[in-house]
Number of protein chains: 2
Amino acid sequence: MNITQHTDYALRVLIYLGACPERRVTVKEVAERFDISRSHVMKIVNQLVTLGFVEGLRGKGGGLRLGRPAGEIGVGEVVRRMEPGFDLVDCFRAESSCLLNANCRLKGALHAALQAFLAKLDELTLADLIVNQPRLRDQLGIVELTPVA
Amino acid sequence: MNITQHTDYALRVLIYLGACPERRVTVKEVAERFDISRSHVMKIVNQLVTLGFVEGLRGKGGGLRLGRPAGEIGVGEVVRRMEPGFDLVDCFRAESSCLLNANCRLKGALHAALQAFLAKLDELTLADLIVNQPRLRDQLGIVELTPVA
DNA sequence: TTAAAGATACACTTAAAATGTATCTTAATG
DNA sequence: CATTAAGATACATTTTAAGTGTATCTTTAA
């Protein structure tokens, strides 16, 4: 059981943006900081923009910043919307035809567990992940008002 | 986010065995019933045997049956031991070196959510998934004392 | 001894995730 | 208005892990 890097990095990008609210951050900078491909970051960012979590501005001097205050971005919400599928098992999907289907208790049990998982994440907002901003900025290598070279 | 078919089918195999306690069930029968490859079932069964959830007997007249009473097989336990990795995200793994690492709250949050997920499954045993055995047997196509042709 | 079962090993296929490359669009600025 | 720097989009390629297939070994009952 795992979450895709896609979702994982979506959260990390949001943390980065949240820790650096005074300026726009570029995709290039994020990719270099986290040492992953620019195109992967771009895909993630695009989705975040589409969903309203991030605001992207094109052109010279453009870049990214949070689309809403960190306190209004739920961690559970991000995971729910970024993760491609929550069809924990085959029988969650419409076209599935497991023998048990009708009164299968397994399906219900897994569904309940999934809800518990997400509910736990719903307890937090992005702001909760960015407490102690100075230290976080330090770890992320964010220097005052100076973008990456 | 999903669980591998491996784990999914492990649970289904256990349900099948639990619903058919009066005789040994063969791998072939299970594969045909669930319409998946014999070798996939074999791999799953092997693991279940290694873990003690299932008892396999070779040779003519051999087959599978539960290794313990259904009431003593925890659903959470099965998922925990069958699922290949619970490294929800990269930073769960030892060799990972995320920038945030040290005081990253994300890691803690995801870990707590995972625990909530498993705790929910820990509330159930295999026996809870096999209530209404007659109906289940009917759905699984289990006929009294008559193996699949 | 034979047949029927699980056990083991390994090669192959498939699907999805991640990466790479190229090009388009937008916006600031000299 | 041209240039430059940014995100947006599209598509092809690579990589990885999950699943499948085939062959052979081992065990056990009859």
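Let's start in chain B, where the axes of helix α1 (residues 5–19) and helix α3 (residues 38–50) come within 10 Å and cross at roughly 75°. That makes α1(B) roughly perpendicular to α3(B), a label used for angles of 65 to 115 degrees, while angles under 35 degrees count as roughly parallel, over 145 as roughly antiparallel and the rest as oblique. The axes here are lines fitted to C-alpha atoms, for helices over the stretch in contact, and the angles run from 0 to 180 degrees between N-to-C directions. Helices (H or I, at least four residues) and strands (E, at least two) are DSSP runs, numbered from the N terminus.

Which residues of the two helices meet? On the α1(B) side they are Gln5(B), His6(B), Tyr9(B), Ala10(B), Val13(B) and Leu14(B), and on the α3(B) side His40(B), Lys43(B), Ile44(B), Val45(B), Gln47(B) and Leu48(B). Contact means heavy atoms within 4.5 Å. The residues of this contact split into seven nonpolar, four polar and one charged. Here Ala, Val, Leu, Ile, Met, Phe, Trp, Tyr, Cys and Pro count as nonpolar, Asp, Glu, Lys and Arg as charged, and the others, Gly among them, as polar.

A word on what you are looking at: this is a predicted model, in which local features need pLDDT of at least 70 and side-chain atom pairs count only at pLDDT 80 or more, while totals for chains, interfaces and linings use all residues. Residues are numbered from 1 along each chain as its sequence is written, chains are lettered from A and ligands numbered from 1 in the order in which they are written, and side-chain values use heavy atoms, with hydrogens and water left out.

Now over to chain A for the overall plan. Chain A has seven helices and two strands, and from the N terminus on they run α-α-α-β-β-α-α-α-α. Of its 149 residues, 48% are buried; buried means under 20% relative accessible area, exposed over 50%, and partly exposed in between (1.4 Å probe, protein chains only). Among the contacts in chain A with a separation of 6 or more, 68% are between residues 24 or more positions apart.

The two strands of chain A, β1 (residues 54–57) and β2 (residues 63–66), run antiparallel and are joined by four bridges. Two strands pair if DSSP finds at least two bridges between them. Glu55(A) stands opposite Arg65(A), and Leu57(A) has Gly63(A) as its bridge partner. The strands form a hairpin with five residues between them, and Gly59(A) in the turn has a positive phi of about 80°. Chain B has a hairpin as well, again with five residues between β1(B) and β2(B), and Gly59(B) takes a positive phi near 80°. There, Leu57(B) stands opposite Gly63(B).

Follow chain A past β2 and you reach Arg68(A), in the loop between β2 and α4. At 24% relative accessibility, Arg68(A) counts as partly exposed. Arg68(A) and Phe53(A) are 15 residues apart in sequence and 6.4 Å apart in space, C-alpha to C-alpha. Leaving aside residues up to four places away in sequence, Arg68(A) touches Gly52(A), Phe53(A), Ile73(A) and Glu77(A).

Next comes helix α4 (residues 75–82) of chain A, where Val75(A), Gly76(A), Val78(A), Val79(A) and Met82(A) are buried. Seen down the axis of α4(A), they fall within an arc of 160°, so they line one face of the helix; the arc is that of the directions from the helix axis to the C-beta atoms. An α-helix has 3.6 residues a turn, so residues three or four places apart point the same way. What do the buried residues of α4(A) pack against? Their partners are α1 (5–19), α3 (38–50), α5 (105–122) and α6 (126–129) of chain A.

Most residues other than glycine have a negative phi. Asp35(A), although not a glycine, has a positive phi of about 55°. Is Asp35(A) buried or exposed? Asp35(A) is exposed, with a relative accessible area of 66%. In chain B, Asp35(B) is found in the loop between α2 (27–34) and α3. Asp35(B) also has a positive phi of about 55°, and Asp35(B) is exposed, with a relative accessible area of 67%.
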